[in-house]
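Please examine the sequence and the three-dimensional structure shown below.

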Amino acid sequence: MRLAMLSPIAWRTPPRHYGPWESVVSLLTEGLVERGVDVTLFATRDSHTRARLIGVCPRGYEEDKSIIAKVWECLHISELFEQGDQFDLIHNHFDYLPLTYTRMTSTPVLSTIHGFSSPGILPVYKKYNNKVYYVSISDADRSPDLTYIATVHHGIDLKLFTLRPDPGDYLLFFGRIHHDKGTREAIDIARRTDKKLVIAGIIQDEKYYEREVLPHLDGRKIIYVGSAGPEKRNKLLGGAYALLHPINFNEPFGLSVIEAMACGTPVVAFNRGSMPEVIADGKTGFLVSSVEEAVQRLADIDGLSRRACRRWVEERFSVNRMVADYLRVYERILAKRPPDKKPEWGYIRILEDAPDMRVRKVVLYSQQHATFTPAARNAVQLLVVKGRGAISLKGEDYLLSGGETMEIHSGTSFKILNLGTDDLVAIEVLTPTLAGTGQQVKSEVHSERLEFSRNQAVRT
């Protein structure tokens, strides 16, 4: 299976500190690669992955404010869908905007809905309800207006979270500083229990922070420590007496909740959204309805087993379980696709897939064209086996016939147009050892410049 994974570009994949969607994409991608799935990750260019990485946007726009988000979102999404027919399945984690590109390809698209930021985005999901497969991240976050193929709860890499059998002496708020997350409510709970509160997370709403949080910070009982990367996160979550999660919205999932329990730390959360699916009430934490009830239940935290919290996550929220769930969804989708259905432009078959060489057979139907973008580390040796085609790259057009080859240096995008009335068959060899040659090399065999009308290129 050739899978295209579309990550958001607000942050790097995986994120350095904050970036829950990018974090899930990274865990899923690496888990799939480990199981032998052929994954191409579309993410920021500075992302880290064992999959093939295709990046247009240099950095996350939340990390580099000079990047105009909408411009690079459009370039990022179009980069995938313009070559969408090269894949067997496209998995979208980029919210609703990519749905509007789905008619550019015949490849089935799966979209994980990571939550609805507003009811106003529902019309897009409804329009493509019969075109795109939807996965919800909790049963609570399903819209009655949409059809879903499955619910897949998030999973985490348990190796990144250390079980701390003994509770710490402080309460923890871990999440973005925003009214939705209930930062002020966490402060109220801590003050009423006379416990120290550590606040960690990005400031998403500056005015809310200045009005509801900053006046209460004293450096002793109420402390803000900023955003937390993996090591700091593990230490903060594991060292807490309890995690406070007094949300003011219907949380679609809540990664920090399962991360805390993976460290053995129980959670006191407002009973909204997915919390009943994530927390075992009375065993791994408490579901409450108010600040007052949260204060009361904190007195019962000592009666909960921190090892039971860890086991709960191991059994239900591991990355291995998440990967297995998605593989089953992929199989269901691919089973629905007619076996003889091919993209309009042609098709690709993988002949060899090794660390030092990747060989693909490319077939283009008559008068069809396709654009290819090799990973930055891969150079391409292209051999036309049968037919007559035009190769276009860097503003230059070359004519190749059967038996002729061309070498294309690493990361260079190129287009192939079939000029004949029969199929054009080519062999594409990708070799990372050729990367970095720094120049375009033409084969010694015939490779003449070709002037051809752009009108010959039909829709792929």
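## Helix H7 and the glycine after it

Gly264, which follows helix H7, has a positive phi, near 95°. Helices (H or I, at least four residues) and strands (E, at least two) are DSSP runs, numbered from the N terminus. The model is predicted: local features need pLDDT of at least 70, side-chain atom pairs count only at pLDDT 80 or more, and totals for chains, interfaces and linings use all residues. Residues are numbered from 1 along each chain as its sequence is written, and side-chain values use heavy atoms, with hydrogens and water left out.

The buried residues of H7 are Leu255, Ser256, Val257, Ile258, Glu259, Ala260, Met261 and Ala262.

## Helices H1 and H11

At what angle do helix H1 and helix H11 pack? Helix H1 (residues 20-34) and helix H11 (residues 319-336) pack at about 75°, and their axes are 9 Å apart. This makes H1 roughly perpendicular to H11. Axes are lines fitted to C-alpha atoms, for helices over the stretch in contact, and angles run from 0 to 180 degrees between N-to-C directions. Angles under 35 degrees count as roughly parallel, over 145 as roughly antiparallel, 65 to 115 as roughly perpendicular and the rest as oblique.

On the H1 side, the contact (heavy atoms within 4.5 Å) is made by Val24, Leu27, Leu28, Gly31 and Leu32. On the H11 side, Val319, Met322, Val323, Tyr326, Leu327 and Tyr330 take part. By class, the contact of H1 with H11 has 10 nonpolar, 1 polar and no charged residues. Ala, Val, Leu, Ile, Met, Phe, Trp, Tyr, Cys and Pro count as nonpolar, Asp, Glu, Lys and Arg as charged, and the others, Gly among them, as polar.

## Helices H4 and H9

Helix H4 (residues 183-193) and helix H9 (residues 291-298) pack at an angle of about 45°, with 9 Å between their axes. H4 is therefore oblique to H9.

In H4, the residues Glu185, Asp188, Ile189, Arg192 and Thr193 meet Val291, Glu292, Ala294, Val295 and Leu298 of H9. The residues of this contact comprise 5 nonpolar, 1 polar and 4 charged.

The side chains of Thr112 and His91 are joined by a polar contact of 2.8 Å. A polar contact is a pair of N or O atoms within 3.5 Å; within protein, one must be able to donate a hydrogen and the other to accept it, and residues adjacent in sequence count only if both atoms are side-chain atoms. Leaving aside residues up to four places away in sequence, Thr112 touches His91, Asn92, His93, Val135, Ile137 and Tyr326.

Gly155 lies in the loop between strand E7 (150-151) and strand E8 (170-174). Gly155 is buried, with a relative accessible area of 0%. With residues up to four places away in sequence not counted, Gly155 touches Leu27, Phe317, Ser318, Val319, Arg321 and Met322.

## The protein as a whole

The protein has 11 helices and 24 strands, and 58% of its 460 residues are buried. Its C-alpha atoms fill a box of roughly 80 × 40 × 35 Å, taken along the principal axes.

How values were computed: Buried < 20%, exposed > 50% of the residue type's maximum accessible area, 1.4 Å probe, protein only.
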